[in-house]
Amino acid sequence: MAKLYFKYGAMGSSKSAQALITKFNYEEKGMSVWLIKPSVDTRDGADVIRSRIGLMAHARIITPEQDIIAEYRAAGRHDVIISDEAQFFTPAQIDQLRTLVDEEDLPVLCFGLRTDFLTHFFPGALRLMELADSITEIKTVCACGRKATVNARIDDRGRIVTEGGQILLGGNDSYVAMCHRCWKKRIREQEGQYRVEGY
């Protein structure tokens, strides 16, 4: 029985690496994988999925306007769909992935973030939390040793950013995975420093 899977984690938790390893495992068994990614993710090239440890593969780009069901049927039959950065899909596109699971008996594995730099759900991730048959956290740790759950956005001075648009593409230079306690502590320390310095 096919399922819709959501495997989420904070920045740096090896989501892309696990997506690419999963692709390899299916292909090693002679199965056909439709690897997809949202068009908004252009960090490593429009059609490239690349992990921090050097794994890389080309993927089909899906724009927010495209119907994933139509795109899948145009691409031809596959044994599984694997998506990286699935939080950037629209809720309607997550519904389309759910439909492919139900109507095509096709496993769909979505890897991505759950929340943004302010701990708010991405719309696509929220819809995945509502619809997925299997939800798994890919864990990583904060510098303090606790489990990291916050994708803290940092500026070029290393300060925590607490305002701005939900989407800002970046890697280790723009985001740090932190536990909620350390994130709040850093923000409080910054606010105190701003007051002392007269900001």
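The buried residues of helix 4 are covered by elements that include strand 1 (4–8), helix 3 (91–104) and strand 7 (108–112). Here, buried means under 20% relative accessible area, exposed means over 50%, and partly exposed lies in between (1.4 Å probe, protein chains only). Helices (H or I, at least four residues) and strands (E, at least two) are DSSP runs, numbered from the N terminus. The model is predicted: local features need pLDDT of at least 70, side-chain atom pairs count only at pLDDT 80 or more, and totals for chains, interfaces and linings use all residues. Residues are numbered from 1 along each chain as its sequence is written, and side-chain values use heavy atoms, with hydrogens and water left out.

Helix 4 spans residues 123–131, and its buried residues are G124, A125, L128 and L131. Viewed down the axis of helix 4, these buried residues fall within an arc of 135°, so they line one face of the helix. The arc is that of the directions from the helix axis to the C-beta atoms. An α-helix has 3.6 residues a turn, so residues three or four places apart point the same way.

The whole chain was considered next. The protein chain has 5 helices and 10 strands. For 199 residues, a compact globule would have a radius of gyration near 16 Å; the protein chain has 18 Å, which agrees. This radius is taken over C-alpha atoms, and the globule rule is 2.2 Å times the number of residues to the power 0.38. Along the principal axes, the C-alpha atoms fill a box of roughly 60 × 30 × 30 Å. Of the 199 residues, 46% count as buried.

Contact means heavy atoms within 4.5 Å. Among contacts with a separation of 6 or more, 74% are between residues 24 or more positions apart. The accessible surface of the protein chain comes to about 10,100 Å², and 50% of this belongs to carbon and sulfur atoms. Accessible areas come from the Shrake-Rupley method with a 1.4 Å probe; for residues, only the protein chains shown count as cover. The chain carries 27 positive and 27 negative charges, whose mean positions are 8 Å apart. Lys and Arg count as positive and Asp and Glu as negative, while His and the chain ends are not counted. The place of a charge is taken as NZ of Lys, CZ of Arg, CG of Asp or CD of Glu.

Two loop residues have positive phi. Most residues other than glycine have a negative phi, and most peptide bonds are trans. D105 is not a glycine, yet its phi is near 50°. D105 lies in the loop between helix 3 and strand 7. With 47% relative accessibility, D105 counts as partly exposed. Residues up to four places away in sequence aside, D105 touches M1, A2 and L100. D105 and V33 are 72 residues apart in sequence; their C-alpha atoms are 14 Å apart in space. T119 is not a glycine either, and has a positive phi of about 70°. T119 sits in the loop between strand 7 and helix 4. Its relative accessibility is 31%, so T119 counts as partly exposed.

Further loop residues were also placed. T149 is in the loop between strand 8 (134–137) and strand 9 (150–153). At 27% relative accessibility, T149 counts as partly exposed. Not counting residues up to four places away in sequence, T149 touches A10, T115, E137, M178, C179 and H180. T149 and W183 are 34 residues apart in sequence and 9.7 Å apart in space, C-alpha to C-alpha.

V161 lies in the loop between strand 9 and strand 10 (175–178). V161 is buried, with a relative accessible area of 19%. Beyond its neighbours within four places in sequence, V161 contacts F117, R153, I154 and D155. From V161 to C110, 51 residues away in sequence, the C-alpha distance is 28 Å. F88 is found in the loop between strand 6 and helix 3. At 17% relative accessibility, F88 counts as buried.
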